[in-house]
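The following note is intended to be read beside the coordinates. Its points are numbered and may be checked individually.

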There are 2 protein chains.
Amino acid sequence: MTTPVLTKNQGLVFDVLTRAEGPLSAYTILDKLRDQGFRAPLQVYRALDKLLEYGVVHRLESINSFVACAHPHENCHSHGLVAFAICESCGQVIEFHDHEVDHRLMDWLKSQKFKAEKSTIEIRGHCANCAA
Amino acid sequence: MTTPVLTKNQGLVFDVLTRAEGPLSAYTILDKLRDQGFRAPLQVYRALDKLLEYGVVHRLESINSFVACAHPHENCHSHGLVAFAICESCGQVIEFHDHEVDHRLMDWLKSQKFKAEKSTIEIRGHCANCAA
DNA sequence: ATCGCACACGTTATAGCATAACGCAATTGA
DNA sequence: TCAATTGCGTTATGCTATAACGTGTGCGAT
Ligand SMILES: [Zn+2]
Ligand SMILES: [Zn+2]
Ligand SMILES: [Zn+2]
Ligand SMILES: [Zn+2]
């Protein structure tokens, strides 16, 4: 379950995300990589697919964007649900995990005999700096 | 905080969603309403905006779709977080609320001085009927 | 060695989701 | 009556994501 060596394109996309202040859309990533030879969206999406699979990047469904995992050394796939607080002013994202929320949701799903596969927990609002 | 009388377009969109088995995309709704005179996506999106504002429809961010609220008589805006379990086989959606999850997340956000405004909790997987 | 396969990559085209910007009509309330 | 608000219709455009096709490279099995 360790992350394979990244290919050239995967590495470029990962570097852009790692250096970014906040989440980026696929097309923003594409623009930032034009100088390195990127020409088409698929080059970005294919790299993102792998990075998501490896668990080193997360997708933020509510804003159609991607962000580097905040816990590069652990493996985010292994510790259950991941939640995000997304500031609508500055774009910053706080990633966090909570086992109680995790267990509570999982218990409920089990009671419904629902087999969970992917989860999305995203809270939009304003961070400490940006709140009035 | 009661729901205003719906306009013609809002009513048509709401009826389509209420009769649907599961969530629908805006363009699917548009197709279902062509016979009633709908011609352009904006007619759907504008109605959806209002229905979302009134809390009688929810948006499922992870599948770019919309679903009628499962609790038509209560007001979903009033009882905190809403969560959805979405079956990837049959498309069915189970909507539920859990105050413990709610409080736990809100406490965490408060500890970060993060002002929450909108939330998304969506679990994709397979429902009891569709699970192998 | 060479064949077959898996995988990454490049390119073009297309599909799917959402909004900008304009103008018109009906309603409301000062 | 006038101004402001709201809903509506239309055209055009922008943003997000994938289909489909072909190329090249590495690598194990025959
Ligand atoms: Zn992570
Ligand atoms: Zn902020
Ligand atoms: Zn609801
Ligand atoms: Zn199902």
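1. In chain A, a polar side-chain atom of A:Arg46 is placed 2.3 Å from a base nitrogen of DNA strand C; polar contacts here are pairs of N or O atoms within 3.5 Å, and within protein one atom must be able to donate a hydrogen and the other to accept it, with residues adjacent in sequence counted only if both atoms are side-chain atoms. Helices (H or I, at least four residues) and strands (E, at least two) are DSSP runs numbered from the N terminus.

2. The model is a predicted one, in which local features need pLDDT of at least 70 and side-chain atom pairs count only at pLDDT 80 or more, while totals for chains, interfaces and linings use all residues. Residues are numbered from 1 along each chain as its sequence is written, chains are lettered from A and ligands numbered from 1 in the order in which they are written, and side-chain values use heavy atoms, with hydrogens and water left out.

3. In total, 15 residues surround DNA strand C, the closest being A:Thr7, A:Asn9, A:Gln43, A:Arg46 and B:Arg59; a residue is near a strand if one of its heavy atoms lies within 4 Å of it. Of the atoms of DNA strand C that come within 4 Å of the protein, 45% belong to sugar and phosphate. The largest share of this surface, four residues, comes from α3(A).

4. DNA strand D is likewise surrounded by 15 residues, the closest being A:Tyr27, A:Arg59, B:Asn9, B:Gln43 and B:Arg46. A polar side-chain atom of B:Arg46 is 2.3 Å from a base nitrogen of DNA strand D, and one of B:Gln43 is 2.6 Å from a phosphate oxygen. Here α3(B) gives the most to the surface, with four residues.

5. Which residues supply the protein donors of the zinc ion (ligand 4)? They are B:Cys87, B:Cys90, B:Cys127 and B:Cys130, each through SG, lying 2.3 Å from the ion; donors are N, O and S atoms within 2.8 Å of the metal (3.2 Å for Na, K and Ca), and water is not among the atoms, so sites may look incomplete. The site is tetrahedral, with angles of 106 to 113 degrees among its four donor atoms; for four donors, the term requires all angles to lie between 85 and 135 degrees.

6. B:Cys87 is buried at 3% relative accessibility, whereas B:Cys130 is partly exposed at 28%. Buried means under 20% relative accessible area, exposed over 50%, and partly exposed in between (1.4 Å probe, protein chains only).

7. A:Lys113 has a positive phi of about 55 degrees although it is not a glycine. This lysine lies in the loop between α4 (99-111) and β5 (115-126) of chain A, and A:Lys113 counts as exposed because its relative accessibility is 60%. In general, most residues other than glycine have a negative phi.

Technical notes: Tetrahedral: all angles 85-135°; square planar, octahedral: opposite > 155°, others 65-115°.
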